[in-house]
Protein chains: 2
Amino acid sequence: MLYAGFMAAVPPPFPTPQEPVDHPELIQLGSVLEADEPCLRADAARNRARLLEAAARLVAERGADAVTMEAVAAAASVGKGTVFRRFGDRTGLLTALLDHSEKKFQAAFLTGPPPLGPGAPPVERLRAFGRAMLARSNDELDLQLAAEPGAPRRFTNPARSVLRHHVAMLLRQVVPDADCELLSHTLMGQLDPALIHHLTKQCGLPLSRLEGAWTDVVDRVTGASPAG
Amino acid sequence: MLYAGFMAAVPPPFPTPQEPVDHPELIQLGSVLEADEPCLRADAARNRARLLEAAARLVAERGADAVTMEAVAAAASVGKGTVFRRFGDRTGLLTALLDHSEKKFQAAFLTGPPPLGPGAPPVERLRAFGRAMLARSNDELDLQLAAEPGAPRRFTNPARSVLRHHVAMLLRQVVPDADCELLSHTLMGQLDPALIHHLTKQCGLPLSRLEGAWTDVVDRVTGASPAG
DNA sequence: AAGTTAAGCGGACCTCGGTCCGGATACTCG
DNA sequence: CGAGTATCCGGACCGAGGTCCGCTTAACTT
C-alpha cells in the first residue's frame, strides 16, 4: 500500500542490484507495495538492522552530525563498505532512518481519517496536510536537515535574500494584509535553480511552461485578473 | 547602491577578518553600498583576481564540476590555503563567480527600466521578475547549481515525490484548470525542512505563523474563502 | 633607509564520503 | 552432505573540502 522502498534507491555504486527500485517518477499513489526488506541474505539483513540501530543510537546520543559513515560502521562492528553497499550513501542511510515515520505519515493521508485522509473536502485536506507536515518537521528536523546536504545554508545566501526582499516589497504593495515575508518565500521557491534544473533538464518541461506557472501563481496570490 | 559584498562572507575559518561582511539579515534594499574589494593588500588583490580568472577558465573549459579548490589554486599558481582564506569555501568561490551577473540583475530590478524596474505596477513587476529570474537561471544553471551543494538530488527524493503528488491530486480536485503539477511544487516549497529550519530556528518565527501562512497560501491559490 | 608588524602565503595535514577487490560465507542443488 | 556459486564482507585506498601554523612580505613609521 505504502511507498516505502525509497531508501533502497542504491544507484550503481556496487554491481549488486537488490532492494528493488520502483521508478520514483511514474509512481501511482496507492499502487505501491511495501517491498521493504526483500529477500536479503541472512547476514546482510542482520547487518542492515545493526547499522540502522547503531545510526539511531548515534543520532540520539550525539546528534545527526555525529552520524559519519565510519562511525556507524564501527558502532555496528561492520566494515565501511557494508554501509555503502546497503544504503548507497549517507543520504540513503539518513533517509532509511526516517522511513518509519515516513510510512506512518503516508498512511495517515492516504488511508487515514479525515481531515488528513479521504473523506474531507480537498481544500480542507490541503490545510491539514500542511499542518501535519509542519508538525512532523518540527520533530525530526535534525534528521531531515542532515539528510539533505547543504540545507542549512540555502536560505542564508545574501544574494537570494536581496531578491526575496524585493519580491516581498512588491507583494506588500499589492496585498498589504498578507504575510508578505512568508509569501515571498513561497514565490521564490518556484524560482529555485535546483527546481528549474529538475523541471527543465530532468523532466523536460519547456521554459515557457515555467513562465506560465509563475504568472499564474502571481495572479492567484495577488488576486489579479489573469493577464491583466 | 547594489549589494555586492556577499561573496566576502568568509565566516571564521582563518583568524584574519577582512572583506567586511555587512550583516546579510537586516539588509535594507538600496541602502547597501558596493564595498567590493575593500582595501586588500596588493598581492592579495592580485591573487584574488588570478583565482577568479582561473576558476572562470575552468568552468568554461571543463564545466563547473572541474572547479575543485586544488585545481583552481594550481591553475592560479597559488597555495590552496589562499583560496580558502579569500573565499571561505567552495560555495563562496562559486558565488563570487556569479557576482557580476548578480549585480547586473540587481541593478535591473532596483533602478532599471520598467516593467522590471520601478515605474510599472507591482503585479507587472512581479511577473517580469519571474521571467527575468527564469531567463537568468537558464544561462548560468551549471554555476548556480554547483554553488549549492546537493542541489540536483533535492527533487529526486521519492518520498518527497509522493507527498507532492498527493498535493497535486488534491489541487486537481479544486482547481482543475490550473497547472497543478507546478502549483504543487510551489506549495511544497513552503514545507521544505530547510525553510522551516531557517524560519523557526534562525529567524525565530513561531510555528503558528508558518501554519497561518500555509493556510493563507492554500486559500489564495485555490480561491477558497479564508477559514471556509 | 631601516625597523616593525599585521596581513598574507603555501602546502602539509586531517576528516569524511565514496570506491574497489580479494577473501569469506550463506544459500542451492545434486 | 558436499560442491558450486552468487552474494556479501571488510578495510585499504582515493579524492576533495577544509584547517593549521611557521615563514614571507607589503605597507606603514620614524
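A residue counts as near a molecule or strand if one of its heavy atoms lies within 4 Å of it. With that cut-off, 58% of the atoms of DNA strand D within 4 Å of the protein belong to sugar or phosphate, and the rest to bases. The model is predicted: local features need pLDDT of at least 70, side-chain atom pairs count only at pLDDT 80 or more, and totals for chains, interfaces and linings use all residues. Side-chain values use heavy atoms, with hydrogens and water left out, residues are numbered from 1 along each chain as its sequence is written, and chains are lettered from A and ligands numbered from 1 in the order in which they are written.

**Stop 1: DNA strand D**

Select DNA strand D and the 25 residues that surround it. The closest are Arg41(A), Asn47(A), Arg85(A), Met69(B) and Lys80(B).

Next, show the helices (DSSP runs of H or I, at least four residues, numbered from the N terminus). α1 (42-62) and α3 (80-87) of chain A, and α1 (42-62) and α3 (80-87) of chain B, each supply at least two residues of this surface. α3(A) gives the most, five residues.

**Stop 2**

Zoom in on Arg41(A), where a polar side-chain atom lies 2.3 Å from a base oxygen of DNA strand D. Then move to chain B. At Arg90(B), a backbone N or O atom lies 3.1 Å from a phosphate oxygen of DNA strand D.

**Stop 3: chain A against chain B**

Hide the DNA and select both chains. In contact (heavy atoms within 4.5 Å) are 91 residues of chain A and 91 residues of chain B. The two chains bury about 8500 Å² between them, 71% of it on carbon and sulfur atoms; buried area is the accessible area (1.4 Å probe) that two parts lose on being put together, summed over both.

How many salt bridges does the rule find across this interface? There are twelve, each a side-chain nitrogen of Lys or Arg within 4 Å of a carboxyl oxygen of Asp or Glu. One to display joins Arg160(A) and Glu148(B), at 3.0 Å, N to O.

Finally, select the side of chain A that touches chain B. Elements giving two or more residues to this side include α4 (90-111), α5 (122-138) and α10 (207-222) of chain A. α10(A) gives the most, with 14 residues.

Conventions:
Polar contact = N/O pair within 3.5 Å; in protein donor to acceptor, adjacent residues only side chain to side chain.
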